[in-house]
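Colleague: I am new to this structure. Can you walk me through the terms as we go?

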Amino acid sequence: MCMIQNNHRDANAVLLSTGIAGLDDILGGGLTRDRLYLIEGEPGTGKTTAAMHFLAEGARRGESVIYITLAETAEELRDVASSHGWCMDGIYIHEVVPAENILEPEQQYTMFHPSEVEMSTTTQMILSVIDERKPTRVVLDSLSELQLLADSSLRYRRQVLALKRYFSSRACTVMFLDDRTAFNGDLQVRSIAHGVIVLEQTTKDYGAERRRIRIAKYRGMAFRGGMHDYAIIHGGIVVYPRLVASDSRVLKTQQQLTTGVAALDTLLGGGLEEGSSTLLAGPPGTGKSSLATQIVYAALQRGERAAMFLFEESKNKLLNRADSFNMNLRPYLESGTLTIQQIDPAELSPGEFTAAVCKEALSHAKVVMIDSLNGYLNAMPDERFLTTHLHELLTFLGQHNIVTILVGVQHGMLGGHMTTSVDASYLADNVIMLRYFEDAAEVRQAISVFKKRASAHERTIREFSITSKGISVGPILRGLHGILTGVPTYVEDMLETEADLVPD
(Lines give C-alpha, C1' and ligand atoms only; values in the text may rest on other atoms or scores of the structure.)
Protein backbone atom coordinates (compact mmCIF):
# COMPACT_ATOMS: atom_id res chain seq x y z
CA MET A 1 0.00 0.00 0.00
CA CYS A 2 1.18 3.52 -0.71
CA MET A 3 1.11 6.41 1.74
CA ILE A 4 -0.01 9.69 0.16
CA GLN A 5 -0.27 12.94 2.05
CA ASN A 6 -2.81 15.55 1.04
CA ASN A 7 -3.53 18.95 2.55
CA HIS A 8 -7.23 18.11 2.65
CA ARG A 9 -6.79 14.74 4.36
CA ASP A 10 -5.37 13.07 7.41
CA ALA A 11 -1.64 12.65 6.73
CA ASN A 12 -1.84 9.06 8.03
CA ALA A 13 -4.65 8.04 5.69
CA VAL A 14 -3.92 4.97 3.59
CA LEU A 15 -5.00 4.75 -0.05
CA LEU A 16 -5.97 1.41 -1.54
CA SER A 17 -5.07 0.65 -5.14
CA THR A 18 -7.98 -0.15 -7.44
CA GLY A 19 -5.74 -2.53 -9.37
CA ILE A 20 -5.99 -0.22 -12.41
CA ALA A 21 -2.93 2.04 -12.64
CA GLY A 22 -4.60 4.73 -14.77
CA LEU A 23 -7.61 4.90 -12.45
CA ASP A 24 -5.35 5.25 -9.41
CA ASP A 25 -3.65 8.13 -11.23
CA ILE A 26 -6.83 10.13 -11.81
CA LEU A 27 -8.02 9.34 -8.27
CA GLY A 28 -4.91 10.97 -6.85
CA GLY A 29 -3.37 7.69 -5.68
CA GLY A 30 -6.25 5.32 -5.02
CA LEU A 31 -9.28 4.88 -2.75
CA THR A 32 -9.54 6.01 0.86
CA ARG A 33 -9.92 2.83 2.90
CA ASP A 34 -13.03 1.90 4.91
CA ARG A 35 -15.33 3.98 2.70
CA LEU A 36 -18.21 3.23 0.34
CA TYR A 37 -17.80 3.85 -3.39
CA LEU A 38 -20.24 3.73 -6.26
CA ILE A 39 -19.39 2.61 -9.80
CA GLU A 40 -22.09 3.63 -12.26
CA GLY A 41 -22.50 2.60 -15.85
CA GLU A 42 -24.87 1.01 -18.30
CA PRO A 43 -24.54 -2.71 -19.03
CA GLY A 44 -21.37 -3.42 -21.01
CA THR A 45 -19.27 -0.53 -19.68
CA GLY A 46 -17.01 -2.79 -17.60
CA LYS A 47 -18.25 -2.37 -14.02
CA THR A 48 -17.79 -6.04 -13.19
CA THR A 49 -14.30 -6.03 -14.71
CA ALA A 50 -13.32 -2.94 -12.69
CA ALA A 51 -14.65 -4.56 -9.52
CA MET A 52 -12.68 -7.74 -10.19
CA HIS A 53 -9.51 -5.62 -10.58
CA PHE A 54 -10.21 -4.10 -7.16
CA LEU A 55 -10.68 -7.48 -5.47
CA ALA A 56 -7.78 -9.15 -7.29
CA GLU A 57 -5.48 -6.39 -6.02
CA GLY A 58 -6.68 -7.03 -2.48
CA ALA A 59 -6.21 -10.80 -2.82
CA ARG A 60 -2.70 -10.21 -4.18
CA ARG A 61 -1.91 -8.30 -0.99
CA GLY A 62 -3.25 -11.13 1.18
CA GLU A 63 -6.50 -9.41 2.16
CA SER A 64 -9.85 -11.13 2.65
CA VAL A 65 -12.12 -10.09 -0.24
CA ILE A 66 -15.71 -10.94 -1.21
CA TYR A 67 -17.77 -10.49 -4.35
CA ILE A 68 -21.47 -10.46 -3.42
CA THR A 69 -23.60 -10.98 -6.49
CA LEU A 70 -27.36 -10.44 -6.56
CA ALA A 71 -27.80 -11.14 -10.26
CA GLU A 72 -24.97 -13.06 -11.91
CA THR A 73 -23.95 -16.54 -10.84
CA ALA A 74 -20.50 -17.51 -9.57
CA GLU A 75 -19.95 -19.48 -12.75
CA GLU A 76 -20.63 -16.39 -14.90
CA LEU A 77 -18.18 -14.34 -12.85
CA ARG A 78 -15.51 -17.00 -13.17
CA ASP A 79 -16.07 -16.98 -16.93
CA VAL A 80 -15.41 -13.21 -16.92
CA ALA A 81 -12.19 -13.75 -15.02
CA SER A 82 -11.16 -16.60 -17.32
CA SER A 83 -11.72 -14.45 -20.42
CA HIS A 84 -9.08 -12.05 -19.07
CA GLY A 85 -6.68 -14.79 -18.01
CA TRP A 86 -7.16 -14.06 -14.30
CA CYS A 87 -6.79 -16.46 -11.41
CA MET A 88 -9.68 -16.31 -8.92
CA ASP A 89 -7.66 -17.69 -6.02
CA GLY A 90 -8.34 -15.64 -2.90
CA ILE A 91 -11.59 -14.08 -4.20
CA TYR A 92 -14.67 -15.46 -2.47
CA ILE A 93 -17.89 -15.23 -4.50
CA HIS A 94 -21.15 -15.24 -2.56
CA GLU A 95 -24.37 -15.64 -4.52
CA VAL A 96 -27.49 -13.94 -3.22
CA VAL A 97 -29.92 -15.08 -5.90
CA PRO A 98 -33.50 -16.35 -5.78
CA ALA A 99 -33.88 -20.08 -5.26
CA GLU A 100 -35.20 -22.14 -8.14
CA ASN A 101 -38.37 -23.08 -6.24
CA ILE A 102 -39.47 -19.42 -6.26
CA LEU A 103 -41.23 -20.21 -9.55
CA GLU A 104 -43.49 -22.77 -7.86
CA PRO A 105 -47.05 -21.51 -7.09
CA GLU A 106 -46.91 -22.42 -3.39
CA GLN A 107 -43.90 -20.14 -2.99
CA GLN A 108 -45.83 -17.00 -4.02
CA TYR A 109 -46.62 -14.52 -1.21
CA THR A 110 -50.27 -13.82 -0.40
CA MET A 111 -50.35 -11.83 2.85
CA PHE A 112 -47.14 -9.80 2.40
CA HIS A 113 -45.73 -7.78 -0.46
CA PRO A 114 -42.70 -9.61 -1.94
CA SER A 115 -40.41 -6.66 -1.19
CA GLU A 116 -41.15 -6.91 2.56
CA VAL A 117 -40.00 -10.52 2.72
CA GLU A 118 -37.28 -10.65 0.09
CA MET A 119 -35.55 -7.43 1.14
CA SER A 120 -35.01 -8.59 4.71
CA THR A 121 -33.92 -12.04 3.51
CA THR A 122 -31.45 -10.58 1.05
CA THR A 123 -30.04 -8.20 3.65
CA GLN A 124 -29.63 -11.00 6.18
CA MET A 125 -27.72 -13.12 3.64
CA ILE A 126 -25.35 -10.22 2.96
CA LEU A 127 -24.70 -9.48 6.62
CA SER A 128 -24.14 -13.11 7.56
CA VAL A 129 -21.36 -13.65 5.01
CA ILE A 130 -19.65 -10.40 6.08
CA ASP A 131 -19.70 -11.49 9.73
CA GLU A 132 -18.38 -14.89 8.77
CA ARG A 133 -15.57 -13.91 6.37
CA LYS A 134 -14.60 -10.51 7.89
CA PRO A 135 -13.39 -9.05 4.59
CA THR A 136 -11.47 -5.80 4.05
CA ARG A 137 -12.71 -5.36 0.45
CA VAL A 138 -16.28 -6.00 -0.67
CA VAL A 139 -18.08 -5.64 -4.00
CA LEU A 140 -21.88 -5.62 -4.09
CA ASP A 141 -23.34 -6.27 -7.56
CA SER A 142 -25.75 -4.73 -8.20
CA LEU A 143 -27.72 -1.96 -6.56
CA SER A 144 -30.50 -2.28 -9.12
CA GLU A 145 -31.66 -5.46 -7.40
CA LEU A 146 -31.79 -3.75 -4.00
CA GLN A 147 -33.56 -0.77 -5.51
CA LEU A 148 -36.28 -2.94 -7.00
CA LEU A 149 -36.68 -4.88 -3.76
CA ALA A 150 -36.96 -1.67 -1.72
CA ASP A 151 -40.00 -0.61 -3.75
CA SER A 152 -39.65 3.06 -2.66
CA SER A 153 -36.92 5.71 -2.69
CA LEU A 154 -37.18 6.27 1.07
CA ARG A 155 -36.77 2.61 1.95
CA TYR A 156 -33.97 2.23 -0.59
CA ARG A 157 -32.02 5.17 0.84
CA ARG A 158 -32.42 3.94 4.40
CA GLN A 159 -31.28 0.48 3.38
CA VAL A 160 -28.14 1.82 1.71
CA LEU A 161 -27.38 4.09 4.69
CA ALA A 162 -27.71 1.13 7.03
CA LEU A 163 -25.35 -0.94 4.89
CA LYS A 164 -22.87 1.94 4.77
CA ARG A 165 -22.79 2.21 8.58
CA TYR A 166 -22.53 -1.56 8.90
CA PHE A 167 -19.56 -1.86 6.53
CA SER A 168 -17.81 1.16 8.04
CA SER A 169 -18.00 -0.34 11.53
CA ARG A 170 -16.27 -3.48 10.22
CA ALA A 171 -13.37 -1.74 8.45
CA CYS A 172 -14.53 -2.65 4.95
CA THR A 173 -13.83 -0.76 1.75
CA VAL A 174 -16.92 -1.32 -0.37
CA MET A 175 -17.76 -0.93 -4.06
CA PHE A 176 -21.43 -0.79 -5.02
CA LEU A 177 -22.12 -1.40 -8.71
CA ASP A 178 -25.12 0.26 -10.35
CA ASP A 179 -26.16 -0.55 -13.91
CA ARG A 180 -28.87 2.16 -13.96
CA THR A 181 -31.55 -0.30 -15.07
CA ALA A 182 -33.90 0.18 -12.12
CA PHE A 183 -34.94 3.84 -12.06
CA ASN A 184 -33.17 6.36 -14.28
CA GLY A 185 -32.04 9.58 -12.66
CA ASP A 186 -32.10 8.33 -9.04
CA LEU A 187 -29.13 9.94 -7.27
CA GLN A 188 -29.77 8.49 -3.81
CA VAL A 189 -26.55 6.52 -3.55
CA ARG A 190 -24.46 9.29 -5.12
CA SER A 191 -25.22 11.51 -2.16
CA ILE A 192 -24.35 8.74 0.28
CA ALA A 193 -21.19 7.37 -1.33
CA HIS A 194 -17.75 8.70 -0.47
CA GLY A 195 -16.77 8.58 -4.12
CA VAL A 196 -18.57 8.06 -7.44
CA ILE A 197 -16.92 6.64 -10.58
CA VAL A 198 -18.94 6.91 -13.80
CA LEU A 199 -18.30 4.67 -16.81
CA GLU A 200 -19.71 5.72 -20.19
CA GLN A 201 -19.86 4.08 -23.58
CA THR A 202 -20.80 5.73 -26.87
CA THR A 203 -21.22 4.17 -30.29
CA LYS A 204 -19.50 5.81 -33.25
CA ASP A 205 -20.81 5.76 -36.81
CA TYR A 206 -17.85 3.58 -37.73
CA GLY A 207 -15.36 1.58 -35.70
CA ALA A 208 -15.27 0.42 -32.11
CA GLU A 209 -17.21 1.98 -29.26
CA ARG A 210 -15.57 4.78 -27.33
CA ARG A 211 -15.40 4.30 -23.57
CA ARG A 212 -14.74 7.11 -21.10
CA ILE A 213 -14.47 7.35 -17.34
CA ARG A 214 -14.84 10.28 -14.97
CA ILE A 215 -14.82 10.86 -11.24
CA ALA A 216 -18.14 12.49 -10.41
CA LYS A 217 -17.35 12.81 -6.71
CA TYR A 218 -14.51 12.06 -4.29
CA ARG A 219 -14.72 13.61 -0.86
CA GLY A 220 -11.52 15.14 0.52
CA MET A 221 -9.37 14.30 -2.50
CA ALA A 222 -7.92 16.43 -5.29
CA PHE A 223 -8.60 14.14 -8.24
CA ARG A 224 -8.06 14.74 -11.96
CA GLY A 225 -11.43 15.84 -13.28
CA GLY A 226 -12.95 15.58 -16.73
CA MET A 227 -13.36 12.66 -19.09
CA HIS A 228 -10.64 10.04 -19.52
CA ASP A 229 -10.57 7.37 -22.21
CA TYR A 230 -10.37 3.71 -21.25
CA ALA A 231 -10.42 0.39 -23.04
CA ILE A 232 -11.39 -3.16 -22.14
CA ILE A 233 -8.77 -5.54 -23.49
CA HIS A 234 -7.60 -9.05 -22.71
CA GLY A 235 -6.24 -8.64 -19.21
CA GLY A 236 -8.84 -6.14 -18.03
CA ILE A 237 -9.36 -2.39 -18.10
CA VAL A 238 -6.72 0.12 -19.17
CA VAL A 239 -7.40 3.77 -18.29
CA TYR A 240 -5.68 6.55 -20.24
CA PRO A 241 -5.63 9.64 -17.97
CA ARG A 242 -6.30 12.93 -19.71
CA LEU A 243 -2.98 14.62 -20.44
CA VAL A 244 -2.35 17.84 -18.51
CA ALA A 245 0.91 19.21 -19.90
CA SER A 246 1.28 21.81 -17.14
CA ASP A 247 2.01 18.98 -14.70
CA SER A 248 5.40 18.45 -16.33
CA ARG A 249 6.65 22.01 -16.84
CA VAL A 250 10.43 22.29 -16.63
CA LEU A 251 13.10 24.79 -17.68
CA LYS A 252 15.82 23.35 -19.91
CA THR A 253 18.35 24.68 -22.34
CA GLN A 254 17.66 23.73 -25.94
CA GLN A 255 20.29 22.87 -28.50
CA GLN A 256 19.93 22.71 -32.26
CA LEU A 257 19.89 19.29 -33.89
CA THR A 258 20.88 18.66 -37.48
CA THR A 259 18.39 17.26 -39.98
CA GLY A 260 21.17 15.38 -41.74
CA VAL A 261 20.90 17.64 -44.81
CA ALA A 262 23.34 20.57 -44.68
CA ALA A 263 21.39 22.82 -47.06
CA LEU A 264 18.18 22.23 -45.06
CA ASP A 265 19.99 23.12 -41.84
CA THR A 266 21.10 26.36 -43.51
CA LEU A 267 17.52 27.06 -44.54
CA LEU A 268 16.42 26.44 -40.94
CA GLY A 269 19.04 28.72 -39.48
CA GLY A 270 21.15 25.89 -38.10
CA GLY A 271 18.72 23.01 -37.56
CA LEU A 272 15.76 22.09 -35.34
CA GLU A 273 15.74 23.03 -31.67
CA GLU A 274 15.20 20.44 -28.96
CA GLY A 275 11.67 20.60 -27.62
CA SER A 276 10.28 22.13 -30.83
CA SER A 277 7.45 20.92 -33.05
CA THR A 278 7.70 21.16 -36.83
CA LEU A 279 4.83 20.97 -39.31
CA LEU A 280 5.69 19.71 -42.80
CA ALA A 281 2.89 20.99 -45.04
CA GLY A 282 2.23 20.50 -48.69
CA PRO A 283 0.12 18.67 -51.28
CA PRO A 284 0.29 14.87 -51.71
CA GLY A 285 3.51 13.48 -53.13
CA THR A 286 5.78 16.43 -52.42
CA GLY A 287 7.98 14.39 -50.07
CA LYS A 288 6.68 15.35 -46.62
CA SER A 289 6.85 11.81 -45.21
CA SER A 290 10.25 11.27 -46.79
CA LEU A 291 11.58 14.48 -45.28
CA ALA A 292 10.16 13.50 -41.88
CA THR A 293 11.85 10.12 -42.22
CA GLN A 294 15.14 11.88 -43.01
CA ILE A 295 14.94 13.83 -39.73
CA VAL A 296 14.24 10.59 -37.84
CA TYR A 297 17.11 8.84 -39.63
CA ALA A 298 19.53 11.63 -38.70
CA ALA A 299 18.59 11.20 -35.02
CA LEU A 300 19.12 7.43 -35.23
CA GLN A 301 22.56 7.96 -36.77
CA ARG A 302 23.45 10.16 -33.79
CA GLY A 303 22.59 7.23 -31.50
CA GLU A 304 19.28 8.71 -30.30
CA ARG A 305 15.94 6.95 -29.93
CA ALA A 306 13.02 7.78 -32.21
CA ALA A 307 9.35 6.81 -32.59
CA MET A 308 7.13 6.93 -35.69
CA PHE A 309 3.32 6.84 -35.61
CA LEU A 310 1.71 5.98 -38.93
CA PHE A 311 -1.98 6.61 -39.61
CA GLU A 312 -2.03 6.01 -43.35
CA GLU A 313 1.10 4.14 -44.45
CA SER A 314 1.94 0.60 -43.37
CA LYS A 315 5.19 -0.19 -41.59
CA ASN A 316 6.31 -2.40 -44.47
CA LYS A 317 5.77 0.34 -47.07
CA LEU A 318 7.63 2.84 -44.94
CA LEU A 319 10.66 0.56 -44.59
CA ASN A 320 10.71 -0.21 -48.32
CA ARG A 321 10.32 3.45 -49.25
CA ALA A 322 13.15 4.43 -46.89
CA ASP A 323 15.34 1.77 -48.50
CA SER A 324 14.68 3.26 -51.94
CA PHE A 325 16.30 6.57 -50.97
CA ASN A 326 19.22 5.15 -49.04
CA MET A 327 17.86 5.15 -45.48
CA ASN A 328 18.03 1.69 -43.94
CA LEU A 329 15.82 1.81 -40.84
CA ARG A 330 15.70 -1.95 -40.26
CA PRO A 331 18.80 -2.30 -38.02
CA TYR A 332 17.49 0.42 -35.71
CA LEU A 333 14.07 -1.22 -35.61
CA GLU A 334 15.59 -4.57 -34.70
CA SER A 335 17.77 -3.08 -31.97
CA GLY A 336 14.81 -1.23 -30.40
CA THR A 337 16.28 2.21 -31.01
CA LEU A 338 13.40 2.90 -33.40
CA THR A 339 9.75 2.04 -32.77
CA ILE A 340 7.15 2.19 -35.53
CA GLN A 341 3.48 1.96 -34.59
CA GLN A 342 0.86 1.56 -37.27
CA ILE A 343 -2.35 3.10 -35.92
CA ASP A 344 -5.70 1.49 -36.74
CA PRO A 345 -8.01 4.52 -37.21
CA ALA A 346 -11.22 2.59 -36.52
CA GLU A 347 -10.02 1.43 -33.08
CA LEU A 348 -8.43 4.60 -31.78
CA SER A 349 -9.40 7.02 -29.01
CA PRO A 350 -7.56 10.32 -28.36
CA GLY A 351 -6.53 9.18 -24.91
CA GLU A 352 -5.12 5.89 -26.15
CA PHE A 353 -3.06 7.60 -28.84
CA THR A 354 -1.77 10.23 -26.41
CA ALA A 355 -0.78 7.50 -23.95
CA ALA A 356 1.19 5.67 -26.65
CA VAL A 357 3.09 8.83 -27.62
CA CYS A 358 3.80 9.76 -24.00
CA LYS A 359 5.10 6.25 -23.33
CA GLU A 360 7.69 6.72 -26.07
CA ALA A 361 8.57 10.14 -24.69
CA LEU A 362 9.14 8.71 -21.22
CA SER A 363 11.26 5.95 -22.81
CA HIS A 364 13.74 8.69 -23.83
CA ALA A 365 12.81 9.05 -27.49
CA LYS A 366 14.48 12.13 -28.94
CA VAL A 367 12.36 12.46 -32.09
CA VAL A 368 8.65 11.66 -32.49
CA MET A 369 7.01 11.66 -35.93
CA ILE A 370 3.23 11.70 -36.50
CA ASP A 371 2.19 10.95 -40.08
CA SER A 372 -0.24 12.44 -40.66
CA LEU A 373 -2.48 14.98 -38.96
CA ASN A 374 -5.13 14.23 -41.57
CA GLY A 375 -5.09 10.59 -40.52
CA TYR A 376 -5.27 11.67 -36.88
CA LEU A 377 -8.33 13.77 -37.66
CA ASN A 378 -10.02 11.07 -39.73
CA ALA A 379 -9.41 8.51 -36.99
CA MET A 380 -11.60 10.53 -34.60
CA PRO A 381 -14.17 12.40 -36.72
CA ASP A 382 -16.64 12.75 -33.82
CA GLU A 383 -14.09 14.32 -31.45
CA ARG A 384 -14.68 18.07 -31.10
CA PHE A 385 -11.54 18.96 -29.18
CA LEU A 386 -8.79 17.38 -31.23
CA THR A 387 -6.90 20.67 -31.42
CA THR A 388 -6.87 20.85 -27.62
CA HIS A 389 -5.65 17.25 -27.41
CA LEU A 390 -2.91 18.09 -29.91
CA HIS A 391 -1.89 21.25 -28.05
CA GLU A 392 -1.49 19.37 -24.77
CA LEU A 393 0.46 16.61 -26.50
CA LEU A 394 2.86 19.00 -28.26
CA THR A 395 3.39 20.93 -25.04
CA PHE A 396 4.16 17.73 -23.14
CA LEU A 397 6.65 16.59 -25.77
CA GLY A 398 8.26 20.02 -25.85
CA GLN A 399 8.73 20.00 -22.09
CA HIS A 400 10.59 16.72 -22.44
CA ASN A 401 12.98 18.24 -25.03
CA ILE A 402 11.61 16.05 -27.82
CA VAL A 403 11.67 17.11 -31.47
CA THR A 404 8.17 16.48 -32.85
CA ILE A 405 7.58 16.17 -36.60
CA LEU A 406 4.00 16.55 -37.87
CA VAL A 407 2.98 15.80 -41.43
CA GLY A 408 0.05 17.84 -42.76
CA VAL A 409 -1.43 17.08 -46.18
CA GLN A 410 -2.96 20.02 -48.03
CA HIS A 411 -5.78 19.64 -50.54
CA GLY A 412 -4.94 20.66 -54.09
CA MET A 413 -1.80 20.38 -56.18
CA LEU A 414 -0.95 23.83 -57.56
CA GLY A 415 -1.83 27.39 -56.69
CA GLY A 416 -2.26 29.45 -53.58
CA HIS A 417 -5.72 28.22 -52.54
CA MET A 418 -4.70 24.93 -50.95
CA THR A 419 -6.36 24.05 -47.65
CA THR A 420 -5.92 21.45 -44.91
CA SER A 421 -8.42 19.50 -42.79
CA VAL A 422 -6.78 20.55 -39.54
CA ASP A 423 -4.89 23.81 -39.08
CA ALA A 424 -1.98 23.11 -36.76
CA SER A 425 0.29 25.81 -38.15
CA TYR A 426 -0.32 28.08 -35.16
CA LEU A 427 0.40 25.22 -32.74
CA ALA A 428 3.70 24.19 -34.34
CA ASP A 429 6.90 26.06 -33.56
CA ASN A 430 8.19 25.63 -37.11
CA VAL A 431 6.41 25.34 -40.46
CA ILE A 432 8.20 23.95 -43.51
CA MET A 433 6.29 24.31 -46.79
CA LEU A 434 6.71 21.98 -49.76
CA ARG A 435 5.29 22.96 -53.15
CA TYR A 436 5.02 21.77 -56.74
CA PHE A 437 5.79 24.20 -59.54
CA GLU A 438 5.88 23.92 -63.33
CA ASP A 439 9.01 24.81 -65.23
CA ALA A 440 9.68 24.15 -68.93
CA ALA A 441 7.16 21.31 -69.17
CA GLU A 442 8.56 19.69 -66.03
CA VAL A 443 7.03 19.38 -62.55
CA ARG A 444 9.58 20.37 -59.92
CA GLN A 445 9.42 20.76 -56.14
CA ALA A 446 10.33 23.65 -53.85
CA ILE A 447 10.92 23.97 -50.11
CA SER A 448 10.77 27.01 -47.82
CA VAL A 449 10.55 27.78 -44.11
CA PHE A 450 7.49 29.88 -43.35
CA LYS A 451 7.80 30.01 -39.57
CA LYS A 452 10.46 29.39 -36.94
CA ARG A 453 10.05 30.56 -33.38
CA ALA A 454 13.41 29.74 -31.79
CA SER A 455 15.85 31.33 -34.22
CA ALA A 456 16.30 33.32 -37.42
CA HIS A 457 15.99 31.41 -40.68
CA GLU A 458 16.32 31.89 -44.40
CA ARG A 459 13.26 33.28 -46.14
CA THR A 460 14.33 31.91 -49.49
CA ILE A 461 12.73 29.27 -51.66
CA ARG A 462 15.01 26.39 -52.62
CA GLU A 463 14.61 23.44 -54.93
CA PHE A 464 13.75 20.14 -53.24
CA SER A 465 14.14 16.65 -54.65
CA ILE A 466 14.32 13.00 -53.61
CA THR A 467 16.79 10.69 -55.33
CA SER A 468 18.15 7.21 -54.79
CA LYS A 469 20.90 8.87 -52.73
CA GLY A 470 18.43 10.56 -50.38
CA ILE A 471 16.97 14.01 -49.73
CA SER A 472 18.44 16.92 -51.65
CA VAL A 473 17.90 20.63 -51.00
CA GLY A 474 19.26 22.66 -53.88
CA PRO A 475 20.21 26.29 -54.48
CA ILE A 476 17.92 29.28 -54.11
CA LEU A 477 15.49 29.58 -57.02
CA ARG A 478 16.39 33.20 -57.72
CA GLY A 479 15.51 33.28 -61.39
CA LEU A 480 11.81 32.47 -60.87
CA HIS A 481 8.93 34.57 -59.59
CA GLY A 482 5.60 33.16 -58.37
CA ILE A 483 6.82 29.70 -57.41
CA LEU A 484 4.13 29.35 -54.76
CA THR A 485 1.44 29.84 -57.37
CA GLY A 486 2.68 26.70 -59.10
CA VAL A 487 3.20 28.46 -62.44
CA PRO A 488 6.20 30.79 -62.01
CA THR A 489 7.69 33.14 -64.56
CA TYR A 490 11.30 34.00 -65.18
CA VAL A 491 12.35 37.35 -63.77
CA GLU A 492 13.86 38.39 -67.11
CA ASP A 493 10.55 37.75 -68.88
CA MET A 494 8.74 39.87 -66.29
CA LEU A 495 11.14 42.77 -66.78
CA GLU A 496 10.67 42.61 -70.55
CA THR A 497 6.87 42.56 -70.16
CA GLU A 498 6.93 45.54 -67.82
CA ALA A 499 9.17 47.43 -70.25
CA ASP A 500 6.68 46.77 -73.07
CA LEU A 501 3.88 48.26 -70.96
CA VAL A 502 5.75 51.51 -70.27
CA PRO A 503 4.44 54.21 -72.73
CA ASP A 504 6.92 55.97 -74.93
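Modeller: Start with strands. A strand here is a DSSP run of E with at least two residues, numbered from the N terminus. Pro475 lies in one of them, strand β24, residues 470-476. Keep in mind that this is a predicted model.

Colleague: What makes Pro475 count as exposed?

Modeller: Its relative accessibility is 56%. Exposed means over 50%, so Pro475 counts as exposed.

Colleague: Which residues is Pro475 in contact with, leaving aside neighbours within four places in sequence?

Modeller: Ile461, Arg462 and Glu463. Contact means heavy atoms within 4.5 Å. Thr460 is 15 residues from Pro475 in sequence, and their C-alpha atoms are 9.5 Å apart.

Colleague: Why is Ala171 called partly exposed?

Modeller: Its relative accessible area is 34%. Buried means under 20%, exposed over 50%, and partly exposed is in between. So Ala171 is partly exposed. Ala171 sits in the loop between α6 (153-169) and β8 (173-178). Its phi is positive, about 55°, although Ala171 is not a glycine.

Colleague: And how do you know that His364 is exposed?

Modeller: The relative accessible area of His364 is 66%. The cut-off for exposed is over 50%, so His364 is exposed. His364 is in the loop between α12 (350-362) and β18. His364 is not a glycine, yet has a positive phi of about 70°.

Colleague: Where are there cis peptide bonds?

Modeller: One joins Asp141 and Ser142, with omega about 5°. Ser142 is in the loop between β7 (137-141) and α5 (143-150). Another joins Asp371 and Ser372, with omega about 10°. Ser372 is in the loop between β18 (365-371) and α13 (373-379).

Colleague: How many helices and strands are there in the protein?

Modeller: There are 15 helices and 26 strands. Of the 504 residues, 51% count as buried.

How values were computed: Residues are numbered from 1 along each chain as its sequence is written. This is a predicted model: local features need pLDDT of at least 70, side-chain atom pairs count only at pLDDT 80 or more; totals for chains, interfaces and linings use all residues. Side-chain values use heavy atoms; hydrogens and water are left out. Helices (H or I, at least four residues) and strands (E, at least two) are DSSP runs, numbered from the N terminus. Buried means under 20% relative accessible area, exposed over 50%, partly exposed in between (1.4 Å probe, protein chains only).
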